[in-house]
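Visitor: I am new to this structure. Please show it to me, and then take my questions in turn.

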Amino acid sequence: MKLPYYPGCTLKANAKHFEDSAQKALEKLDYQLEEMKDWVCCGTVFSMTSDDLMLQLSSIRNLLRAEKQDLKELVTLCSMCYNTLKQSKDFVEGDLDNLEKVNNFMYMEEAEYKGQVEIYHLLTLLRDRIKFETVKAEVTNPLKGLKVGAYYGCLLVRPQKFAIDDFEAPTIMEDLVESLGAEAIDFQFKLECCGAYQTITKKNISVKRAYEILDSAQRVGCDAIITSCPLCAYNLDFLQKEIEKEYVDFQTIPIFYFTELMAVALGVGWNGEWTKKHDVDPEPILIEKNLI
Amino acid sequence: MYLEISKKDINNELVQKIHEISGQNVFDCYQCGNCSSGCPVVDYMDITPNQVLRLSQYGSIEEILKSETIWVCSTCLQCSTRCPKGIDVAKLMEAFRTVNLRDGVGVVDPDHLEVENKDELPPILLVCAMRKLTG
């Protein structure tokens, strides 16, 4: 079955392995991600002000183009794309004034947006449509003995209105991890901010955030962390070399996209190209647990 | 900190501007401190989020506009989800940044970014930072 798919910029660059592993894992479940045509950047951040329409425009442009291509829904893998598209959709949905305002900027497009495209994150589709039981039944290489901490970050669970699960105690990623045969470990900072874009201007903040998050996961025995946000993945993975300089006792821990572990469990295997996209080598833990 | 509070200041032009941009009523705040206790980056702030609310109630917007706090806030929305009075504190923080950015204060110049390992940064990080820190 085909799933109309919105990739977003980072899935075509630093997080190519996120897309690749998702595609391969879904094929094992008889689903294919079919990329929508002519997509543009989602804008990455949603407007938090009442008078700034600009931040909504690129998201709406994507929805409009999807609608023009007769797509009823879009699936995203990236948490930021999910949140931005979803909030922009909500901004115009049921509000004719906002819809008209936004459409006034769409004069370069062939049609106006009507507000008919639904946005899903792949995790919710796995839970509600594909079902975790089906995933479990297709697992050929159970992730036995692997202790995984699911890191949600901010945008899968906040604002509350757009949370993909309970906004304070989500279990959707843990449920997926369990269906893959791994042990899901709850840890204290799984919903805390990774420092986000502060990495550009105030790197020390992101380094400390990443340390606290990873340390709280390691203290309860996690072997690996999964995420669905390329920005979180960057901060948690690539800042570990900075953490090592500041915190002498720190031991590195691999950061995976949840789809990479799905691919391993569903028998797709591991792709050496994916390893190159990581900073902390993800292979040793998989080899240690006899998974690849 | 020495503060002179007058009726005139409490509803000055900047207070109204912040109210208009954020859509939040700062007088709803009763200083429970939930926003500050849940904030993951409060250690790096010079005034805490609940103090931002208090200063806003006094009309001392200039104090907040000069603070480090508004730039440390990364819009993680923890405060907004925890406020028992339903104040979207993150929107308030964005309003202060917006007022500054529209005046050209605190704007990051993309041509002079001092970032190591520029090539390894994901596009999402650069786009996000530029949207938050440029006018």
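Guide: A crossover counts as right-handed if, with the strands pointing away from the viewer, the path from the first strand over the helix to the second runs clockwise. Helices (H or I, at least four residues) and strands (E, at least two) are DSSP runs, numbered from the N terminus. The model is predicted, so local features need pLDDT of at least 70, side-chain atom pairs count only at pLDDT 80 or more, and totals for chains, interfaces and linings use all residues. Residues are numbered from 1 along each chain as its sequence is written, and chains are lettered from A and ligands numbered from 1 in the order in which they are written.

Visitor: Which unit do strand 1, helix 1 and strand 2 of chain A make?
Guide: Strand 1 covers residues 2–6 and strand 2 residues 32–35 of chain A, and the two run parallel, joined by 4 bridges. Helix 1 of chain A spans residues 16–28. Together these three elements form a right-handed β-α-β unit.

Visitor: Which residue in strand 2 of chain A is the bridge partner of Lys2(A)?
Guide: Two strands pair if DSSP finds at least two bridges between them. Along strand 2 of chain A, Pro4(A) stands opposite Glu34(A). The bridge partner of Lys2(A) is Gln32(A).

Visitor: Which strands are the edge strands of the open sheet in chain A?
Guide: The open sheet has 4 strands in the order 2-1-3-4, with parallel pairing. An edge strand pairs on one side only, and that applies to strand 2 and strand 4 (118–121) of chain A.

Visitor: Which element gives the largest share of the side of domain 1 of chain A that touches domain 2 of chain A?
Guide: The domain bounds, from an automatic or database assignment, are 2–122 for domain 1 and 134–288 for domain 2 of chain A. Counting residues as in contact if their C-beta atoms, placed from the backbone, lie within 7 Å, 22 residues of domain 1 meet 26 residues of domain 2. Helix 1 and helix 3 (79–92) of chain A each give two or more residues to this side of domain 1. The largest share, 9 residues, comes from helix 1 of chain A.

Visitor: How is helix 10 of chain A oriented to helix 9 of chain B: roughly parallel or roughly perpendicular?
Guide: Axes are lines fitted to C-alpha atoms, for helices over the stretch in contact, and angles run from 0 to 180 degrees between N-to-C directions. The axes of helix 10 (residues 230–238) of chain A and helix 9 (residues 123–133) of chain B come within 8 Å and cross at roughly 105°. Angles under 35 degrees count as roughly parallel, over 145 as roughly antiparallel, 65 to 115 as roughly perpendicular and the rest as oblique. Therefore helix 10 of chain A is, to helix 9 of chain B, roughly perpendicular.

Terms used: Contact = placed C-beta atoms within 7 Å.
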